[in-house]
Amino acid sequence: MRWPIIHIIFLAFFMGCSTIPTTFTPSKPISPESFTHESFHQALIAHVKNGVVDYPQLAHDSHFKRYLKRLQHIAPQQLPTPNHRLAFWINVYNAFAMKGILDGYSPATLTGRYRFFIGRTYVVGEESLNLYDLEQHLLIPDFKEPRIHFAIVCASQSCPKLQSAAYTPDSLDQQLTASAQEFINDPTRNRFDRHRHIAYLSKIFDWFSEDFIKHSGSLPGYIAQFVSDPGLANDLRHNAYTIEFLDYDWSLNGVPPLSQK
């Protein structure tokens with residue numbers, strides 16, 4: 001998860017209370033065939049530039065409001081393929097994180113992370129869920145796809161950059177790979193000292209190390225798939241690297257809403 005200190009403090013109590021719906025039965029459902037992420041896509045195009053979110057403008061965006069409203073009427077378990085369902089939940093996570101910021105929540109402080117990830121709930125198919133449960137009890141165990149960690153964005157500077165496009169079922173594999181490549185090759189998030197064989201990695205690789213190691217056997221082995229420098233990729237695969245994790249910057253990934261200025 002994206003707030004490990006809070007996790008240590010509250011896990012024992014809240015794990016017993018954490019639930020994620022397995023079925024969604026909205027009273028006025030939208031057919032899975034007619035549901036798209038186009039409204040969210042239009043909001044992202046308009047208000048996200050190179051990962052920077054213009055929250056004051058997003059607050060008034062009719063496409064964003066329409067998308068959130070439509071989420072209340074969809075039964076995601078009826079979406080036709082795993083790619084449809086994974087794209088759906090990635091977009092939902094990102095949309096809800098943005099909505100949390102607009103509603104005055106923020107992960108910038110210790111108590112703020114509890115409120116942002118657990119205290120604030122959202123509605124899908126007339127069922128309530130929070131960001132913590134969505135990530136920990138749905139996205140990770142149901143899809144077992146480590147690239148998820150480069151696609152979901154918790155509105156902070158050290159998170160992956162929020163893309164200026166919604167994830168779609170037909171392009172999902174390419175989009176996830178592109179997000180992984182962008183994140184791993186960003187020197188503000190990960191850097192490599194080849195002379196001393198030290199990898200300075202994002203805390204995301206620490207918090208979710210189990211997911212990456214299960215996939216590729218080691219963190220360097222996983223990262224080697226996505227680095228743009230072939231020499232570095234070979235080095236990561238064949239030489240032992242010491243790993244040091246970078247501090248995480250929880251400050252906002254954009255222009256604050258007017259209520260927070």
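1. Ground rules. The model is predicted, so local features need pLDDT of at least 70 and side-chain atom pairs count only at pLDDT 80 or more, while totals for chains, interfaces and linings use all residues. Residues are numbered from 1 along each chain as its sequence is written, and side-chain values use heavy atoms, with hydrogens and water left out.

2. Helices α5 and α7. Helix α5 covers residues 82-102 and helix α7 residues 131-143; helices here are DSSP runs of H or I with at least four residues, strands are runs of E with at least two, and both are numbered from the N terminus. The two axes come within 11 Å and cross at roughly 160° (axes are lines fitted to C-alpha atoms, for helices over the stretch in contact, with angles from 0 to 180 degrees between N-to-C directions). That makes α5 roughly antiparallel to α7 (under 35 degrees is roughly parallel, over 145 roughly antiparallel, 65 to 115 roughly perpendicular, the rest oblique). The residues of this contact divide into 13 nonpolar, no polar and 2 charged (Ala, Val, Leu, Ile, Met, Phe, Trp, Tyr, Cys and Pro count as nonpolar, Asp, Glu, Lys and Arg as charged, and the others, Gly among them, as polar). On the α5 side, Trp89 and Phe96 are among those taking part, and on the α7 side Leu138 is one of them.

3. Helices α4 and α5. Helix α4 (residues 62-71) also comes within 11 Å of α5, axis to axis, crossing at roughly 120°, and that makes α4 oblique to α5. Phe64, Tyr67, Leu68 and Leu71 supply the α4 side, and the α5 side includes Phe88, Asn91 and Lys99. By class, the contact has 10 nonpolar, 1 polar and 1 charged residues.

4. The start of α6. Thr109 caps the N-terminal end of α6, with a side-chain oxygen 2.9 Å from the backbone nitrogen of Gly112. Within α6 (residues 110-119), the buried residues include Gly112, Arg113 and Phe116 (buried means under 20% relative accessible area, exposed over 50%, partly exposed in between, with a 1.4 Å probe and protein chains only).

5. Ser179. This residue sits in helix α8, residues 172-184. Ser179 is buried, at 4% relative accessible area. Beyond its neighbours within four places in sequence, Ser179 is in contact (heavy atoms within 4.5 Å) with Phe150, Gln163 and Tyr167.

6. Glu127. Found in strand β4 (residues 127-130), Glu127 is partly exposed at 30% relative accessibility. Leaving aside neighbours within four places in sequence, Glu127 is in contact with Pro21, Thr23, Phe24 and Tyr122.

Technical notes
Polar contact = N/O pair within 3.5 Å; in protein donor to acceptor, adjacent residues only side chain to side chain.
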